[in-house]
Amino acid sequence: MRPTIEFLGKNLIQQIVSEAYLILCTLGIEIHNKNVLEMFSDHGAKVDIDKSRVIFKEDIIQKALKSAPKSFKLYDVNGNETNDFSGYNVHFTPGSTSINVLDYKTKQIRKPVTDDYINYVKVVSQLEHIASQSTALIPADVHENISDSYRLFLSLLYCEKPVVTGTFTIDSFEIMKDFQLAVRGSEKALREKPLTVFSCCPTSPLKWSDVTSQNVVDCARYSIPVEFISMPLAGFMAPVTLVGTLIQHTAETLSGIVISQLTNPGTPMLYGGSPAIFDVRFETTPMGAIETMMIDCAYNEIGKYLGIPTQAYIALSDAKQLNAQAGLESGIGATLAALAGINNISGPGMLDFESCFSTEKLVVDNEICKQVLRLVKGIEPKEDFPALPIFEELLKEKHLLISEHTRKYLREEHSFPGPVINRANRARWKEMGEFTLEERAHMEVEELVNSYKPSTLAEDTKREIINLMEREGKKYGQTSLPDRY
Amino acid sequence: MKILKQVAEYLEKGDRERVYELTGQALEQNVSARQILDDGLIAGMKVVGDRFRKHEIFLPEVLMAARAMNAGMDLIKPLFIKEGVTAIGKIVIGTVYGDLHDLGKNLAGVMLKGAGFDVIDLGNNVPAQKFVETAEKENATVIGMSALLTTTMMEMKNVTNLLKDKGLDKSIKTIIGGAPVSEEYAKSIGADAYAYDAASGVELVKQLV
Ligand code: B12
């Protein structure tokens, strides 16, 4: 049986959804984008252009939910399936878009550069339990107007895994879409085999900005999957109660679903988010708070109820270093998320309120993911009934180390962590060098960077995306791109 | 003075009606606006700030106290205006151009207002020009900027440069905040202060005005 966890139950879900409908159909949503407002108006919603406000109608919401795909898949740059967002399937992806990296040597944060990004991509491409890559850092050594497309460029150049990403502006979408067309070869091929997921954020409370609502529309035009990242902050920009925050999250996410499905019915979407409680002592948005994680798991239940695959920023930490807090917050988050069946779990590698990335943490988190993926496989009998024969064998042989039953099921029943997790006894651990977790993680990072093998994406495609990127850079006066190793 | 002690006490409790009443009574007793401000309202807010830093009380209590402070300010501000001086100081705040993150800036605004500052909030996506023009026009002595994106933080430099170009950098001070910026960044662009949160921002702005 696959273990699961539930927080809401059907009655409470229905109440939350019905309140969210009420909000959408009475208070409405502010959308600061003329095109989107017009689209709503064309579909019979009440639109106040001057106040940028749309009052929804129930039938528009229901129609959007009807056309929303119940599942979809992602494919790597070579077209192989990697992610199946359906049912209770779970996949991990690194936390995205950090402002800083945690430098292993200095233990200080600093702004990332191209080399950091390439290192990260080389590592993530080999992490077995992280299904996709994300554009996790913003390299600071290129012009700021290309820093969002540049990270997707590096990702597609170095790593075959599909990419969770997003743009900072309306303009960047164009090139970020062109990269994907170059990889897939045609619009049709891209529609058939999605390569990326774009994060699109409503602005709590109950608002969409010009940029992010346009991103939803642009993605829909090319059937590029989006994940809605609603961020109600409980007690600050949302009700203090978890239920109240869920109502707001539901309303905001439904509004995104409608924008997407009105533009192009059938566009794949993830019912996602990055809500948090607001810590009224430190004025921060803790992602590692248990209540934050409860909200995440609960809205995932609502997404499932509405028939849409889900995503959450969970399995990350607010610690400033790779320490016990980092492990416990990421571990609890990953465990809860997987039990809840959140389909795309964003977080590994991330620290400090989504603002700092650590590649060392990423390899530690990869071990968390491994164990969690084992956890949700659950407990199943494997030639355990009848039980007498194996116990007769045990009593006779005194052990089962070489029993056929052991040899058949050992690797299926037990998972074996990589070198980051130390299970040696103390004496052997000493002999191995007495390395701390941080040191082991760093050694693993170096190992992976060294064992990296270039992406098998066709060379002429690589050249094409390099040309695209160089041309884009020139637009903003960046005559050459930083060296790549 | 007993009445000012009471003003401070009720302010600490966040009781805006009582603070308003007591401020009115103090004025009737001919206590000067400056004294009410310094020994009543600001004294109360100082206690609130200290208790907040010690985690004895949380942000909601601070904001309740700030609201009570504003109630008192409503009565004494006209007196300052009559004398042609600002009560504590005037600050222009906003989130820089290209950036829509305004929660931190809003919180800083509420706290500054709560501390008695005149706050002109320009909202988000504010061009450098607008910061400087508004500060000039309104005779503000501080500009407070917020940025949350790596790609927008350099906008802050446009503001500090513009102030320098216009020879205003001595009369108009700058304070910055937001996740991508830091003390070092503030120094590197010639901003006068960096605040890691709203509460510390208030203390820093007090030193800048
Ligand atoms: C909430 C949030 C949003 C909300 C903002 C809602 C709003 N109305 O502001 C929404 C959902 C709209 C949003 C949108 C986006 N966001 Co955002 N967002 C955040 C998040 C999670 C929290 C920010 C926040 O409000 N914190 C709470 C407040 C209270 O804290 P604060 O802002 O830091 O302010 C405090 C102090 O810094 C200080 N302070 C700040 N300013 C000032 C000013 C003065 C004068 C003073 C005295 C003090 C001060 O005092 C405040 C109180 O203590 C951050 C993560 C993070 N760690 O910051 C990401 C984050 C900043 N966002 C990010 C991104 C990428 C985006 C988007 C581009 C995503 C997208 N693809 O659409 C868009 C941006 C669109 C745009 N052009 O601006 C990235 C930035 C990455 C980077 N390298 O630059 C972050 C780091 C998250 C991530 N890892 O992806 N976001």
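This report describes a ligand site and several individual residues in a predicted model.

Local features are given only where pLDDT is at least 70, and side-chain atom pairs only at pLDDT 80 or more, while totals for chains, interfaces and linings use all residues. Residues are numbered from 1 along each chain as its sequence is written, chains are lettered from A and ligands numbered from 1 in the order in which they are written, and side-chain values use heavy atoms, without hydrogens and water.

## The ligand

The ligand lies between chains A and B. A shell of 42 residues surrounds the ligand; a residue is near a molecule if one of its heavy atoms lies within 4 Å of it. The closest are A:Glu283, A:Phe353, A:Glu354, B:His101 and B:Thr150. By type, the shell holds 19 nonpolar, 18 polar and five charged residues. Here Ala, Val, Leu, Ile, Met, Phe, Trp, Tyr, Cys and Pro count as nonpolar, Asp, Glu, Lys and Arg as charged, and the others, Gly among them, as polar.

Three elements of chain B each supply at least two shell residues: α5 (103-114), β3 (142-146) and α9 (198-208). Helices (H or I, at least four residues) and strands (E, at least two) are DSSP runs, numbered from the N terminus. The largest share, four residues, comes from α5(B).

The ligand carries a cobalt atom, and B:His101 is its single donor from the protein. The donor atom is NE2, 2.2 Å away. Donors are N, O and S atoms within 2.8 Å of the metal (3.2 Å for Na, K and Ca); water is not among the atoms, so sites may look incomplete. B:His101 sits in the loop between β1 (90-95) and α5 of chain B.

| Residue | Ligand atom | Distance to a polar backbone atom |
|---|---|---|
| A:Thr167 | nitrogen | 2.9 Å |
| B:Asp102 | oxygen | 2.6 Å |

## B:Leu149

B:Leu149 lies in the loop between β3 and α7 (155-165) of chain B. Is B:Leu149 buried or exposed? B:Leu149 is buried, at 18% relative accessible area. Buried means under 20%, exposed over 50%, and partly exposed in between (1.4 Å probe, protein chains only). Leaving out residues up to four places away in sequence, B:Leu149 touches A:Phe168, B:Gly98, B:Asp99, B:His101 and B:Pro180. Contact means heavy atoms within 4.5 Å. B:Asp169 is 20 residues from B:Leu149 along the chain, and their C-alpha atoms are 25 Å apart.

## Two loop residues of chain A

A:Ser317 belongs to the loop between β17 (311-313) and α11 (324-340). Its relative accessible area is 0%, so A:Ser317 is buried. Its side chain makes a polar contact with the side chain of A:Glu329, at 2.7 Å. A polar contact is a pair of N or O atoms within 3.5 Å; within protein, one must be able to donate a hydrogen and the other to accept it, and residues adjacent in sequence count only if both atoms are side-chain atoms. Beyond its neighbours within four places in sequence, A:Ser317 is in contact with several residues, among them A:Met350, A:Phe353 and A:Lys361.

A:Asp103 is in the loop between β7 (100-102) and β8 (109-110) of chain A. A:Asp103 counts as buried because its relative accessibility is 15%. Its side chain reaches the backbone nitrogen of A:Lys105 at 2.9 Å. Not counting residues up to four places away in sequence, A:Asp103 touches A:Gln108 and A:Arg110.

For A:Cys159, the nearest cysteine sulfur is that of A:Cys369, 15 Å away. For A:Cys369, the nearest is that of A:Cys297, 15 Å away. A:Cys159 is buried, with 1% relative accessible area. A:Cys369 is buried too, at 1%.

## Backbone details

Most residues other than glycine have a negative phi, and most peptide bonds are trans. The bond from A:Ser204 to A:Pro205 is cis, with omega near -5 degrees. A:Pro205 is in the loop between β11 (196-200) and β12 (207-208) of chain A. The bond from A:Phe385 to A:Pro386 is cis, with omega near -10 degrees. A:Pro386 lies in the loop between α12 (359-375) and α13 (388-397) of chain A.

A:Glu383 is found in the loop between α12 and α13 of chain A. A:Glu383 has a positive phi of about 50 degrees. A:Ser223 also has a positive phi, near 55 degrees.

How values were computed
Disulfide = S-S within 2.5 Å.
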